[in-house]
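Some notes on the charged side-chain pairs follow. Please read them beside the model.

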Amino acid sequence: MPVPSPEVLAALRATPPFDQLADAEVAALGSAAKVEEHADQEVLLDAFTATPRHVFVVVAGEVALWVDPEGEPEEPDFVLGPHDVFGLDATLTGRAIGPLAVAAGPVTVIRLPAARVSELLAGDRPVVVPDRLAGPPASESPAYVVVDELVVSEPVVVDPTEPVVDVARAMTAARHGYAAVRLPQGWGMVTDRVLRERVLAGDVAAGTAVGELVAGETPHQVVSGSSAAEALILLLDRKADYVLVVDRDGTLRGSVEPRDFVVSSTTAGVSLHEQLRRAASVEELQERARGIPGVLATLLDGGLASGKVIRVHTAMLDTTVRRMIELAFARHPALDPDAFTWLSLGSNGRGEAVPSSDIDSAAAFDDAVTADDIVRYRHVFGEIADALAAAGLTGDQHGATAARDAFSRTNAAWRAAGEQWLAAPDRNNGAMMTSLLVDGRPIYGDPGLPAVAQVVAGMRGHPGTMRLLLQESLSRRARMRSLRDLVAGRGRDHFDLKTHALLPIVNLARWAALSVGSSALPTTERLRAASGTTALPAPQALALVEVFETLQRVRLRHQLRQVEQGRVPSDLVDLHAVSAIDRSIITRAVREIAAVQRRMDNIALYDDPERWGR
């Protein structure tokens, strides 16, 4: 066996996750290593086309990394430096999931055999290394397929000068619910819904040119070759009837609609959203909702990025809650279901829900709703919470739920409470309520109704409140374990992903977004919005973005594994049971978050709040 050089051994021992290995294992790995020099712009790895045969450690120089094959090609997602590793995720999963790595100037790397790395680091991952290094078997089809496979008919294409009545006839003849309108700047779309709402029940004449009917509205579309999950996300997020499928040059290929996901056997898993939307009873909806974790596991195993899987999850939760509200109020016809707006709070509100996430909520009523009626509405909201809990979508009955007085008020009452919280955030749980409602996202009813959102949007004009919120945000510290863990008997082998890593990032991101006046909800969007300010310099913001996305990936995979084993999903991780790479990820993440929090401590004590957003 070749003797590894001292330089290679030193580099491996200083590079996570190899720093977790025993000396004998590092020596065995080092004996199979090869040191390589690469020139600027040389492609070092393309793990989108095949599962890599090697894992790389950067020794000197920088490597540009692209982790999203559909992202912007001009700018890399990350730039790696010494002691960073690439090619590891694809190796351990045995799938061609990226990244693309290109030398950003002269670079020196250590090349390690993927088979040996996987053998040492796989831990409890069911990876069969040698037979899969060339990529997934040819017969293996991803669970989310290409969107082109769902396009089953030729589109109806019309010119913008054609009368609406003729377009309607063409749609009827082709048995299509839409027609694509050829416009100078791209495509427009007229649907059955548009014809009903604007022509039959509206004031648009049947002889109007269809181009006037669709003017100013751009239909949702995806590029040919995209995954079906991309189209699914659009259908769910935007509540769209159709999504157009176009080539990169703009040529129209057709469209997809919700029922395409139901009838296609290759997308049986992702068809669940339509079954949720059309559930005829509470019992049917509950049964369908229990299948959501299985769909997430299918998408994740198929190679869909964890961030997109979480977006699908949030959209399915929204669909489930909306349908449960509709079914509940169908049993209470005396109450007007249009008299309130339902807001999702917490991780659901931010679009970051995982299987363990609570269904936090609030309701904002029209000011004309009486106090007695609001009491009746709260009883129905309690029924909704109980029905969701029976489907596995639980919430804290003593926490944020629309069934409680504190979370269901008229707009006038919300506005008055919000103003009091801003004026005195240290009273009546003002800081806590403000933080909850900043994450609020309307998912049912009039999205413009909630007045409290307008009040908290002006928070940056209250320096004292902003300082107190920063202090509250820093009260949860990133750490490997706490005094509470010790009291609960949790030793060094247990770690709470949410409490000790994710919540500190969420809290800082919320505060940072408020400091710059951003209305963004997702944590990563908030961090990017505040990046480059006095409060959050760009390097720290980007580090937190990377850490958050990585931890969410670990969290999602961990909880789906728990569900598969018949266990209740939780954020408590046994560090002794997870793989070396996950242990390394968690340890590095805590260090990164703690470093940002230490800087924020100084800002909270000494800096001028008016400078935070600059």
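1. D247 is buried, at 16% relative accessibility. The cut-offs: buried is under 20% relative accessible area, exposed is over 50%, and partly exposed lies in between (1.4 Å probe, protein chains only). D247 and R253 form a salt bridge, with the closest N and O atoms 2.5 Å apart. The term covers a side-chain nitrogen of Lys or Arg within 4 Å of a carboxyl oxygen of Asp or Glu.

2. A word on the basis. This is a predicted model, where local features need pLDDT of at least 70, side-chain atom pairs count only at pLDDT 80 or more, and totals for chains, interfaces and linings use all residues. Residues are numbered from 1 along each chain as its sequence is written, and side-chain values use heavy atoms, with hydrogens and water left out.

3. R555 pairs with D571 in a salt bridge, closest N and O atoms 2.5 Å apart. The two are 16 residues apart and link distant parts of the chain: R555 sits in helix α23 (residues 538-564), D571 in the loop between α23 and β20 (572-574). Helices (H or I, at least four residues) and strands (E, at least two) are DSSP runs, numbered from the N terminus. Both R555 and D571 are buried.

4. R13 and D23 also meet in a salt bridge, at 3.8 Å, N to O. R13 belongs to helix α1 (residues 6-13) and D23 to helix α2 (residues 23-31), so the pair ties together parts 10 residues apart in sequence. R13 is partly exposed at 41%. D23 is exposed at 54%.

5. The structure holds 17 salt bridges. A network of them links R350, E352, D439, R510 and R526.
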